[in-house]
Amino acid sequence: VFALPAAARDVVRIPRQDLRTLDPALLRARAARGLTTRLVARADRGGNLRVAYEEVALGSPLAAPPDRVVYGYELPEGLRVHTGLAIGYERTAAALLDDVRDALTGREVVR
Amino acid sequence: MSAAITLPQGVLLCHLPAEFALAHGGALHGASLAYERQGPLDAPVVVVQGGISAGRHASASAQVPGPGWWEGFVGDGLPIDTQRLQVLSFDWLGGAGCSTASAAGESSPFVGAEDQAAALAHLLDALRIDRLAAFVGSSYGGMVGLQFAARFPKRVAKLCAIGAAHRSHPQASAWRAVQRGVVELGLQCGRGREALALARQLAMTTYRTPGELRDRFGGAADLAGGRWRAPVQDWLEARGGEFARDWLPEQFLCLCASIDAHRVEPAAVAVPTWLGSFVGDQLVPPADVRELAAGLPQLRGLREIRSRYGHDGFLKERLAVGALLREVLA
């Protein structure tokens, strides 16, 4: 996090996966294998940022329900995980719907 | 309770509902349950839980090679055979593992055995497990198993409760009340860890039998540095110190009280049930387990095992406890 401030101020420049690249068949195949998919933001010590939909195991701390936001960082003794309340199921669904609408109308998705 | 935890390699985590309501009032916010799975993921699932100091790691496995709390009972070819069963174990809410618990200096909402059972139900939902092949619980784990079977009878095919009854014996509660009093006094004096070590020393004397302590520490006391020191003290202090390194006083207070608050109506445990008790157990006397057995609608077996280890017989009596487990899981 210490390496991020300059880049993090300009959210638009953070590489992020377009919703339209999600493959429904892949999502279904993951579910069949006992896995799930989550939108994950990653930052490394070099200040590189990335936001993408990732395959996540059910037992991963990242497999949080939509009413939770989770962030973590590596420590020598393990992964330090913080969990907080997120915007909730309805507002998450509304935001996704907005993304889909934007994608369908060809508008840039910045959120 | 804190929503920040540190997860060692290999720990799995289940997020509980944002507001996890507790049976005795209050709620945990943003809580999570740490757990471990061992054995084939497509095999019938057996939940294995031990006493308050036992956690998610029941035995060594390829994924998590360190020794667990129930070595010799869980593993390939052992009574709980991980070649044909999947073992699921979790860290207690409120305890010293990686599940949500109090941080130092935090006041903690009370977590009952029925709350642990409710948390397990959420874990099963998250893992898409409809029904357990069995719940095997010892000591506090047995209490939680009874609570789980009473509340979610359709979600478990068999229950095996060892060294656990439908309520705590008043004498055992008295000993634990003294332990909590010691820890609370220690916290007030800013010496919580030392107090916790002392409380654990007292607890150790209740887990074992007078016969075992006589055989191991029957020598004469020594006078050293102007103070009398009994042979048993080295052992007590080592066990107390070990416990106080791993636990916060607040966590001990939470789970210790949880044992005393446990109470379940035997008639409500409408699941095929096997019970085990230990002759000489000072905490859960066989008479209490017989009383539970008499009230169970589907009692399948009751074993009274003679053990010089008393309540800790579930950790030590491999042959007798193993035979009971094989019968349950046949």
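Buried area is the accessible area, taken with a 1.4 Å probe, that two parts lose on being put together, summed over both. Keep that in mind for this tour of a predicted model.

**Stop 1: both chains.** Show chain A and chain B together. Between them they bury about 1500 Å². Carbon and sulfur atoms carry 51% of that area. Now select the contact itself. Chain A gives 21 residues to it, and chain B gives 19 residues.

**Stop 2: three residues of chain A.** Select A:Leu58, A:Gly59 and A:Arg68. Together they supply 32% of the area that chain A buries against chain B.

**Stop 3: polar links.** Look for salt bridges between chain A and chain B: the count is 0. Polar contacts are there, with 7 residue pairs, both residues at pLDDT 80 or more.

**Stop 4: the strands of chain A.** Select residues 68–75, strand S3, and residues 78–85, strand S4. Each supplies at least two residues of the side of chain A that touches chain B. S4(A) gives the largest share, 7 residues. Now color that whole side by class. You will find 11 nonpolar, 6 polar and 4 charged residues.

**Stop 5: across to chain B.** Finish by zooming in on A:Arg80. Opposite A:Arg80 stands B:Thr6, in S1(B).

Technical notes: Residues are numbered from 1 along each chain as its sequence is written. Chains are lettered from A and ligands numbered from 1 in the order in which they are written. This is a predicted model: local features need pLDDT of at least 70, side-chain atom pairs count only at pLDDT 80 or more; totals for chains, interfaces and linings use all residues. Side-chain values use heavy atoms; hydrogens and water are left out. Contact means heavy atoms within 4.5 Å. A salt bridge is a side-chain nitrogen of Lys or Arg within 4 Å of a carboxyl oxygen of Asp or Glu. A polar contact is a pair of N or O atoms within 3.5 Å; within protein, one must be able to donate a hydrogen and the other to accept it, and residues adjacent in sequence count only if both atoms are side-chain atoms. Helices (H or I, at least four residues) and strands (E, at least two) are DSSP runs, numbered from the N terminus. Ala, Val, Leu, Ile, Met, Phe, Trp, Tyr, Cys and Pro count as nonpolar, Asp, Glu, Lys and Arg as charged, and the others, Gly among them, as polar. Two strands pair if DSSP finds at least two bridges between them.
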